[in-house]
Amino acid sequence: MSVIACGEFLIPSEPNDKWAVVACDQYTSSPEYWESEKSRIGSAPSTLNLICPEAFLGDIDARIPLITECAERYAAAGIFEKVNGLILTKRTTGGVERYGLVCTVDLEKYAFSGDAPVRATEGTVLERIPPRLAVRRASRFDASHVLCLIDDEDRTVVEPLIGKGVKLYEADLGRGGKLEGFSVDDPQRVLGALSALERKAEKEGKPFILVGDGNHSLASAKALYEELKAAGDRHAARARYAVVEIENLRSDAIVFHPIHRILYNTDIEADKLDFGRGGKFTVVGKTDAEAPCDADGIETYRAVQSYIDGYIAAHPKAKVDYVHGEAELRELCEKHGAIGFVMPAISKAAFFGYIAVHGVLPRKTFSMGEAWEKRYYYELRDIRAD
């Protein structure tokens, strides 16, 4: 069977700018952001009610029954229309247009470690899967913020769809810009182009698809599928396929942003840190300091993450978080008296080749956009539909 397939997607049948919210793993140190979203949305139908923002993982047990109730209520309310096939998305943020293809990926062909046609790009933290799996169990809907990358040098998949198809939806995302979705008139041509890319990748010894954002969510989707399959649940066949958006790495709109680190409850002296030779990066404390590091950005991530993991093991009160955007990092450091690591950006030029040779990157090595540029939940798939 093919790695990529069409899907039966659900989208709101009425225009609703309150439906879409940003990925649950954003603003993890800013619960006030999510509280403001809750106030903005009010009682309107919204994907906010189908997820658990990671800022509130400590409250997940209380949220799970609410997610289940809301999913069942939405399913019964007739608020959706179905779109069969594929969807072209257009995301406009800061004047930049970014295009993607909403489809489904076969979880039998995905692995977050080892060789597989669909692979993770960074280390998977197994401890992060159980709470996301709990949300997956709670809701009948697959609400996805997963962004996958293909290396389509000849631009055969997404780019020929631009400017074509019927507009299915349009949503104002506030600071996140505008999201539009369009029908795909010839899905078989697109699937054929993807199959050709898959054969090319296999011939070159490279992965076909890399998970750029949302790997822990995709890992949780696979965990649910394996659970249902083992139990002989009739819904396993539908759960085998997960909603993703595919984007072309070659697009100028795809920019790799660094993911910064912040350490709370620490007395580290920033000016005494040393992570290698050949480069420097900024550590934010009471004052900024320039810490030596490896000239290779990926090796800097490896060294810094190893240091942080060791520090937390030796200092149980310390806590690490991962922050998108230097301005937010500095704000949090000043507010909490924390230490911030302003990480370097990595190049996307040799990305697929690096993964093929070295395996996954250190976790949280790059981000496809700042927090407000991340994927917003919009299209759903009902994995418990009979």
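A nonpolar core is a set of buried Ala, Val, Leu, Ile, Met, Phe, Trp, Tyr and Cys residues joined through side-chain atoms within 4.5 Å. Here, buried means under 20% relative accessible area and exposed means over 50%, with partly exposed in between, using a 1.4 Å probe and protein chains only.

The model I am presenting is predicted: local features need pLDDT of at least 70, side-chain atom pairs count only at pLDDT 80 or more, and totals for chains, interfaces and linings use all residues. Residues are numbered from 1 along each chain as its sequence is written, and side-chain values use heavy atoms, leaving out hydrogens and water.

Let me begin with the cores. The largest nonpolar core has 42 residues, and Ile4, Leu101, Val157, Leu194, Phe208, Ile209 and Leu218 touch the most other members. Among the elements that give two or more residues to this core are helix H4 (187-204) and strand S13 (241-248); helices (H or I, at least four residues) and strands (E, at least two) are DSSP runs, numbered from the N terminus. Which residues does Leu194 contact, leaving aside its neighbours within four places in sequence? They are Ile4, Leu101, Ile150, Val157 and Phe208, where contact means heavy atoms within 4.5 Å. A second, separate core of 37 residues includes Phe9, Trp34, Tyr74 and Phe141.

Tyr74 also belongs to the buried residues of helix H2, together with Ile60, Ile64, Ile67, Cys70 and Ala71. Seen down the axis of H2, these buried residues fall within an arc of 140°, so they line one face of the helix; the arc is that of the directions from the helix axis to the C-beta atoms. On the other side of H2, Asp61, Leu66 and Ala76 are exposed. The cover over the buried residues includes strand S3 (80-85), H3 and strand S8 (141-143). After H2 comes Gly78, with a positive phi near 70°.

On a 1 Å grid over the protein atoms alone, a cavity is a set of points where a 1.4 Å probe fits but cannot get out, and lining residues have an atom within 4 Å of a point. Of its 20 lining residues, Asp25, Glu122, Asp213, Gly214 and Lys364 are the closest to its centre. Strand S12 gives the most to this lining, with three residues.

Note on methods:
1 Å grid on protein atoms, 1.4 Å probe; cavity = no way out; pocket = protein on both sides within 12 Å on 5 of 7 lines; lining within 4 Å.
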